[in-house]
Amino acid sequence: MMRHLISAADLTRDDAVLILDTAEEMARVADRPIKKLPTLRGRTICNLFFEDSTRTRISFEAAEKRLSADVINFAAKGSSVSKGESLKDTAQTLEAMGVDAVVIRHSASGAPYRLATSGWIDAPVINAGDGTHQHPTQALLDAFTMRRRLIGRDTGLGKDLAGKRITLVGDVLHSRVARSNVDLLHTLGAEVTLVAPPTLVPVGVETWPCEVSYDLDGVLPKSDAVMMLRVQRERMNAAFFPTEREYSRRYGLDGERMAKMPEHAIVMHPGPMVRGMEITAEVADSDRCTVVEQVANGVSIRMAVLYLLLGGYEPATPATPRTEEN
C-alpha cells in the first residue's frame with residue numbers, strides 16, 4: 001500500500017482488491033458482541049473536516065474507534081479557520097501535537113494532495129472528499145457493495161468486477177463520487193456508462209475510461225448496478241436544467257424504470273438522497289436499493305484503509321520482550 005490515499009486513480013487493481021478483501025475481514029468484526037480490534041492502539045488520528053458531512057465523518061470516526069485509535073475531531077466552524085487560519089498553519093499545529101494520520105475533507109479540489117506533498121505534516125493523509133475532484137473511500141465502499149451483491153460475500157474474495165456493467169446517473173459535472181467511481185471501476189475491470197443531461201456532463205469526458213449516454217431508458221436493461229447521483233445545488237452557479245420536474249421525468253429513477261432493470265441488478269446512492277427528484281421513495285425503500293448497506297460497508301472499508309496505511313505491516317505498539325525482571 002502507498003503512504004497516502006488521495007485519489008482512486010492512484011490504486012492499482014491489486015491495491016483495490018487487497019482493500020476489498022481486508023474490508024471483508026473487518027466486516028466480521030461488526031458481527032461480534034465487542035466490535036473492537038487493538039490494531040491502532042496508541043495511534044492518534046485527526047478528522048479534519050472543512051466541509052459539512054454526516055455519513056463520511058461518522059463512518060471514519062466509527063472505523064477509527066473500532067481499531068482502538070485515539071480520535072481528534074476538527075470542524076472548521078468554531079475553529080481558528082473562521083478567524084483566517086490557513087491550511088498550512090492548521091497542519092503544522094497538528095504536526096506539533098503528534099498526530100499519526102489525517103483524514104481531510106475540503107471544499108477546494110486538491111487540498112488533500114497539497115497537505116500530503118507539502119511537507120507541512122509527516123503523517124499519512126486520507127482524502128475524505130475534496131471539492132468536485134475525488135472521494136476514494138466512497139468509490140471503494142461502492143465497489144465493495146457491488147462485489148458483495150453481484151458476486152457474493154465469500155465467492156468474491158480475491159476477485160474484481162470484470163465484465164460488470166455499471167451506470168452512473170445524474171449530476172456528473174459536480175460529482176467527486178462519479179469521478180472516483182469511474183477511475184476505480186475501470187481499474188477493477190467494470191464497464192461504466194454515465195447518463196446525464198448534456199449540461200451536467202464535464203468538458204473532456206471523452207478522455208475518461210467510460211461511455212456517455214443521454215438516454216436512461218436505453219441503458220437500464222443492460223445494467224448490473226445503477227447509481228443515482230444527487231443534484232448538487234450548493235456547487236451550482238447557473239441553471240443547468242429548466243425545472244426539477246423535467247429533470248426527474250428524464251433522469252429520475254421510479255418503480256416503472258426500475259422494472260426495466262435485470263432481476264439481479266441493484267440500485268445505489270452515495271447519499272444524501274433527495275427523494276422525489278433523482279429517486280422516488282418507492283425505489284429508495286425497495287429491497288434492491290443498497291443505501292443502508294453502503295453506509296455499513298463504509299465503516300468496514302475505512303477500517304481496512306486505516307489498517308493497511310497505519311497498521312497492516314507493523315504492530316501498532318512495539319512488543320516489549322519479557323525478561324525475568326518484568
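Across the interface of domain 1 and domain 2 in this predicted model, 13 residue pairs are found in polar contact, with both partners at pLDDT 80 or more. The side of domain 1 that touches domain 2 draws at least two residues from each of α1 (13–29), α2 (55–66), β3 (101–106), β4 (125–130) and α11 (291–311). Helix α1 gives the most to that side of domain 1, with 10 residues.

The two domains themselves are assigned as domain 1, which covers 4–134 + 295–311, and domain 2, which covers 136–290. Their centres, taken over C-alpha atoms, are separated by 25 Å, while 36 residues of domain 1 are in contact with 31 residues of domain 2. The area buried between domain 1 and domain 2 comes to about 2800 Å², and carbon and sulfur atoms give 56% of this area.

Charged pairs also occur at this boundary, where seven salt bridges are found across the interface of domain 1 and domain 2, and a search of the whole structure finds 16 salt bridges. Two salt bridges are set out below.

| Side chain | Partner side chain | N to O distance |
|---|---|---|
| Arginine 147 | Aspartate 21 | 2.8 Å |
| Arginine 148 | Glutamate 24 | 2.5 Å |

The pair formed by arginine 148 and glutamate 24 meets in a salt bridge, and this pair links distant parts of the chain, since arginine 148 lies in helix α5 (residues 136–150) and glutamate 24 in helix α1, 124 residues apart.

Attention now turns to the annotated positions. In an unreviewed entry, UniProt places the feature "binding site" at Lys83, Arg176 and Arg230. Of these residues, Arg176 and Arg230 are included in the lining of the largest pocket. Arginine 230 is placed in the loop between β8 (225–228) and α8 (244–251). When its neighbours within four places in sequence are left aside, arginine 230 is in contact with Asp171, His269, Pro272, Val274 and Glu278.

Glycine 271 and proline 272 are joined by a cis peptide bond, with omega of about -5°, and proline 272 is placed in the loop between β9 (266–268) and α10 (281–284). A further backbone feature is found at serine 68, which has a positive phi of about 70° although this residue is not a glycine. Serine 68 is placed in the loop between α2 and β2 (70–75). As background to both features, most residues other than glycine have a negative phi, and most peptide bonds are trans.

Key: Residues numbered from 1 in each chain as written. Heavy atoms only, no water. UniProt positions renumbered as here; feature names shortened; annotations may be inferred. 1 Å grid on protein atoms, 1.4 Å probe; cavity = no way out; pocket = protein on both sides within 12 Å on 5 of 7 lines; lining within 4 Å. Helix = DSSP H or I, 4+ residues; strand = E, 2+ residues; numbered from the N terminus. Contact = heavy atoms within 4.5 Å. Domains from an automatic or database assignment. Buried area = accessible area lost by both parts, 1.4 Å probe. Salt bridge = Lys/Arg side-chain N within 4 Å of Asp/Glu carboxyl O. Polar contact = N/O pair within 3.5 Å; in protein donor to acceptor, adjacent residues only side chain to side chain.
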